[in-house]
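Visitor: I would like to learn how to read the surface of a protein. Could you take me through an example, step by step?

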Amino acid sequence: MGMRGMSNVSINTRMKQFLILIAFILGGILFALSTDPASQQKIKTKLHLETDLNSQTPARK
C-alpha cells in the first residue's frame, strides 16, 4: 500500500489542502467570468450563431 507511512492527520491535512485548492480555482473561474461582461456577450452571440447554424443544417440519415 502506498499510504503505509502516512498518518491520518497528514491525510486529513492533504485532503483539506486539496479542497481549498479546488475552491480557489472555482472561485477564480467565477470571478474571471463575472468581471468581463463583454466576454459574456461574445459567448452568448457565439452560442446563438452555432445553434442557428445547427438548426439550418439538414440531419444526416
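Guide: Let us begin with the overall fold of this predicted model, in which the protein has 2 helices and 0 strands.

Visitor: What percentage of the residues of the protein count as buried?

Guide: A residue counts as buried when its relative accessible area is under 20%, and of the 61 residues here, 0% fall in that class. The accessible surface of the protein comes to about 6100 Å², and carbon and sulfur atoms account for 66% of that area.

Visitor: Which residues form a nonpolar patch on the surface?

Guide: The patch brings together Phe 18, Leu 19, Leu 21, Ile 22, Ile 25, Leu 26, Ile 29, Leu 33, Ile 43 and Leu 47, which together have about 930 Å² of accessible area. Helix H1 (8-35) and helix H2 (37-56) each supply at least two of its residues, and H1 gives the most, with 8 residues.

Visitor: Why does Leu 21 count as partly exposed?

Guide: Partly exposed lies between the buried limit of 20% and the exposed limit of 50%. Leu 21, which has its place in helix H1, counts as partly exposed because its relative accessibility is 48%.

Key. Residues numbered from 1 in each chain as written. Predicted model: local features only at pLDDT ≥ 70, side-chain atom pairs only at ≥ 80, totals over all residues. Heavy atoms only, no water. Patch = residues over 30% accessible without salt bridge, like charges linked within 9 Å, V, L, I, M, F, W, Y side chains within 5 Å. Areas by Shrake-Rupley, 256 points an atom, 1.4 Å probe, with all protein chains shown as cover. Salt bridge = Lys/Arg side-chain N within 4 Å of Asp/Glu carboxyl O. Helix = DSSP H or I, 4+ residues; strand = E, 2+ residues; numbered from the N terminus. Buried < 20%, exposed > 50% of the residue type's maximum accessible area, 1.4 Å probe, protein only.
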